[in-house]
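Here's my note on the model, written as numbered points. Could you keep the viewer open and click along as you read?

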Amino acid sequence: MPATTPSRATLLTVSAPSGAGKTSLVKALIECSEQLQVSVSHTTRAKRPGEIDGVNYHFIDHVQFQQMLAEDGFLEHAEVFGNYYGTSKTWLQQTLAKGIDVILEIDWQGALQVATVLPETVSVFILPPSKAALRERLTGRGQDDEATIDQRMAQATSEMSHHGEADFLIVNDQFDQALEDLKALRRSLYLRRDSQQHRQQALLNELLS
């Protein structure tokens, strides 16, 4: 896959520990943005209540995942809590080629894999306002027992130690403010010189003639 796209579309990776709110932030950003799509990853984990196949994830079994992996079907993939996750290479190529920006909700390992293949990728890490708030959010889901929550908290600490590998950090304390920060970030990327040169080539030609 080439490191740049003729469309100058932007690939944005968003990482965070479980419970930091990245899914809600990305969903809200998608709803209020044009020319922006979230990548629907493939995963071997079971569906959670309310999740829809093809919307939240493409839910597949381990055999299907390994087949796609063998066929070089993933831009990146990772194992998290015994389950596998992967980003479809073909879908991403096609979407970026149309000039549509793409957001990947992804863990830090996946974000590094993506950045290695596509150096122009922009990475964001979402942080919770405190460990206490993070535990409260995980507990509030009502999906895990205390032992699982302890495991997730330990994993969160490990994941957050990699925040320095991201290009941008957003603290999700007040949701509305975190969303505004994410919107401002996307707007700034839209206005980057190389992106604007591509979109405004006709205007530039006229102005400089």
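**Notes on the fold**

1. Phenylalanine 74 counts as buried because its relative accessibility is 6%; buried means under 20% relative accessible area, exposed means over 50%, and partly exposed is in between (1.4 Å probe, protein chains only). Before you go on: this is a predicted model, so local features need pLDDT of at least 70 and side-chain atom pairs count only at pLDDT 80 or more, while totals for chains, interfaces and linings use all residues. Residues are numbered from 1 along each chain as its sequence is written, and side-chain values use heavy atoms, with hydrogens and water left out.

2. How many aromatic pairs does a search of the whole structure find? The search finds four. In one of them, phenylalanine 65 and phenylalanine 74 are stacked, with 4.6 Å centre to centre and 25 degrees between the planes. The rule here is that rings of Phe, Tyr and Trp (its six-membered ring) pair if their centres lie within 6.5 Å; planes under 30 degrees apart are stacked, over 60 edge-to-face, and the rest tilted. Phenylalanine 65 is also buried, at 0% relative accessibility.

3. Phenylalanine 65 has a pairing with tyrosine 84 too, and this one is tilted: 5.6 Å centre to centre, 40 degrees between the planes. That pair links distant parts of the chain, 19 residues apart, with phenylalanine 65 in helix H2 (residues 62-70) and tyrosine 84 in strand E6 (residues 83-88). Helices (H or I, at least four residues) and strands (E, at least two) are DSSP runs, numbered from the N terminus. Elsewhere, Tyr57, Phe59 and Tyr85 make up one aromatic cluster.

4. Now for the sheet. Four strands make an open sheet in the order E4-E3-E6-E5, and the pairing is mixed. E5 and strand E4 (58-59) are the edge strands, each pairing on one side only. Two strands pair if DSSP finds at least two bridges between them. Strand E5 (residues 74-80) and E6 run antiparallel and are joined by six bridges, and phenylalanine 74 has serine 88 as its bridge partner in E6. The hairpin of E5 and E6 has two residues between the strands, and there phenylalanine 81 takes a positive phi near 50 degrees.

5. On to E3. Strand E3 (residues 42-43) pairs with E6 in the antiparallel sense over two bridges. Histidine 42 stands opposite glycine 86 in E6, and threonine 43 has tyrosine 85 as its bridge partner there. Threonine 43 is buried, at 0% relative accessibility. The side chain of threonine 43 reaches the backbone oxygen of tyrosine 84 at 3.0 Å. Threonine 43 touches Tyr57, His58, Phe59, Ile60, Tyr84 and Tyr85, leaving out residues up to four places away in sequence; contact means heavy atoms within 4.5 Å.

6. Look for two arginines placed over rings. The charged end of arginine 152 sits over the ring of phenylalanine 81, 4.8 Å from its centre. Arginine 199 lies over the face of tyrosine 190, at 3.7 Å from the ring centre. To qualify, NZ of Lys or CZ of Arg has to be within 6 Å of the ring centre and within 35 degrees of the ring normal.

7. Last, the nonpolar cores. In soluble globular proteins, nonpolar side chains tend to be buried together. A nonpolar core is a set of buried Ala, Val, Leu, Ile, Met, Phe, Trp, Tyr and Cys residues joined through side-chain atoms within 4.5 Å. Which residues touch the most other members of the largest nonpolar core? Among its 19 residues, they are Leu12, Ile103 and Ile126. Strand E1 (11-15), helix H1 (22-31), strand E8 (122-127) and helix H7 (175-190) each supply at least two residues of this core. H7 gives the most to this core, with five residues. Another core, of 11 residues, lies apart from it, with Leu11, Leu92, Leu104 and Ile106 among its members.

How values were computed:
Polar contact = N/O pair within 3.5 Å; in protein donor to acceptor, adjacent residues only side chain to side chain.
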